[in-house]
Amino acid sequence: MNRPASTAQLAHFDAQHIWHPYGPIPAPVEPQLVESASGVYLHLADGRDLIDGMSSWWAACHGHSHPKLVEAATAQANTMSHVMFGGLTHRPAIELAHKLLRLAPGFDAVFYSDSGSVSVEVAIKMAIQYSQAIGHPERTRLATWRGGYHGDTRAPMSVCDPEGGMHAMWAGQWTPQVFADVPPARGASEQARADYLAHFDSLIDDSVAGVIVEPVVQGAGGMRFHDHELLVGLRELCDRRGILLIADEIATGFGRAGDLFTTQAAGIVPDIMCVGKALTGGFMSFAATLATAEVARAISSGPGGGLMHGPTFMGNPLACAVASAQLDLIAEGQWRSDVPRIEARLAEGLAPLANSSAVADVRVLGAIGVVEMARPVDMAVATAAAVDAGVWLRPFGKLVYTMPPYICTDDEVDRICAAIAAIVRAEETRGA
Ligand SMILES: Cc1ncc(COP(=O)(O)O)c(C=O)c1O
């Protein structure tokens, strides 16, 4: 096997030998080769620059190579990139926990992990261990609503949408969880919300340890938005039944939906909260599971005598240092004006697309713009149309969407809208 050297050879080698998300080997379409990324731009090996309309899967909220994050990573790499977390600790982990707990009042304990999926695994373990500790070992299941996405490892997959999601082929392979209907869309009437919550409540039985949801925005399971009041209703339901509420804020946390956390905007504190993605400003993989004092203390006095999880790279100092710098950027608060600015610009730019016969719905919330098509898009055609317009987008199913970096200028948001319009036109032509 010759060592690949040219851009074409590198992309070809990749397609033949390297798995990409949910893809086959060999890949039918060769991936774009990115040489570097700065600000809102991905710089391709062939010389083209693309606006990263995805914030690299909703994580790079301040764009790429932010100088403050690079500085934090470089300083930490020069000091100590990693030490085990069993029996040892370090300043970056402590500083980060202090900042996180200040940003999220009501929580008292932080568990660090390597990815969003693992933080959800940990949250589910917490709920089950908590139930054992309070004398309810029969509570081993989770309740959720359809249309959710919580990650790709086993326990998170079990609470993803059981049919429409990415994991339908695994159905029947793990604990059958309790699934309520998809929540009513944002703007539902008070009666519709009350009926929905009654339906959710009717499904809860003695086997349920807690409720897990993506609050306000269901992301990879369908890019649907719902009202904050539903979270208030779920909080009340969990309190009444003495079970835990887990909020997966991995996609929504740190301003993406317009507020620091959607649960805070709803005026509730969940018992457990997962954060990831933008926790490091998309700089590197890292996540955390936050728990209230009651949950942490109960688990610690329960049968295991502690939380039964402890990955090798737990509390990685490099990731903690970057996340700490990211939380400083969040605390500075520029996002508080940027996200509503982007929201208004996306709403204006995407609204005309609702007139296309190829489009079923257009919706915008915070720095999230969604165009739901009438039928599934041809991913290769759609991606090519966006790339030709100078923008990187990654539609799935019927959904063409953007989650731009908060630092996007108005002009760059307009270019993203133009790229989405190009995809709609391509789909119109395909359907003609
Ligand atoms: C709401 C939510 N939870 C969990 C995850 C899984 O996170 P990760 O991909 O970092 O494992 C995702 C990823 O898209 C997500 O959107």
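Aspartate 378 caps the N-terminal end of helix H13, with a side-chain oxygen 3.1 Å from the backbone nitrogen of alanine 380. That is a polar contact (a pair of N or O atoms within 3.5 Å; within protein, one must be able to donate a hydrogen and the other to accept it, and residues adjacent in sequence count only if both atoms are side-chain atoms). This is a predicted model, in which local features need pLDDT of at least 70, side-chain atom pairs count only at pLDDT 80 or more, and totals for chains, interfaces and linings use all residues. Residues are numbered from 1 along each chain as its sequence is written, and side-chain values use heavy atoms, with hydrogens and water left out.

**Confidence**

- The chain averages a pLDDT of 96, on the predictor's per-residue confidence scale from 0 to 100.
- A score of at least 70 is reached by 100% of the residues.
- Among the elements, strand S11 (residues 272-275) has the highest mean pLDDT, at 99. Helix H6 (residues 154-158) has the lowest, at 94.
- Helices (H or I, at least four residues) and strands (E, at least two) are DSSP runs, numbered from the N terminus.

**Helix H13**

- H13 spans residues 379-388, and its buried residues are Ala382, Thr383, Ala385, Ala386 and Val387.
- Buried means under 20% relative accessible area, with a 1.4 Å probe and protein chains only.
- These buried residues pack against strand S3 (49-52), strand S15 (391-392) and helix H14 (410-431).
- Just after H13, glycine 390 takes a positive phi of about 85 degrees.

**Ligand site**

- The residues around the ligand are Trp58, Ser115, Gly116, Ser117, Tyr149, His150, Gly151, Glu214, Asp248, Ile250, Ala251 and Lys277.
- A ligand oxygen is 2.6 Å from an N or O atom in the side chain of serine 117.
- A ligand nitrogen is 2.6 Å from an N or O atom in the side chain of aspartate 248.
- The protein covers 82% of the 390 Å² of accessible area that the ligand has on its own, by the Shrake-Rupley method with a 1.4 Å probe.

**Phenylalanine 111**

- Phenylalanine 111 is in strand S4 (residues 109-113). It is buried, at 7% relative accessible area.
- Beyond four places in sequence, its contacts include Val122, Met126, Ala287, Leu307 and Met314. Contact means heavy atoms within 4.5 Å.
- Glycine 310 is 199 residues away along the chain, yet the two C-alpha atoms are separated by 9.2 Å.

**Serine 356**

- Serine 356 sits in the loop between helix H12 (335-350) and strand S13 (359-365). It is buried, at 10%.
- A polar atom of its side chain lies 3.0 Å from the backbone nitrogen of alanine 358.
- Leaving out residues up to four places away, serine 356 touches Val424 and Glu428.

**Backbone geometry**

- A cis peptide bond joins isoleucine 25 and proline 26, with omega about -5 degrees. Proline 26 lies in the loop between helix H1 (7-17) and strand S1 (34-38).
- Tryptophan 58, in helix H2 (residues 55-58), has a positive phi near 70 degrees. It is buried, at 7%.
- Methionine 223 has a positive phi near 50 degrees and is buried, at 0%.

Terms used
Buried means under 20% relative accessible area, exposed over 50%, partly exposed in between (1.4 Å probe, protein chains only). A residue is near a molecule or strand if one of its heavy atoms lies within 4 Å of it.
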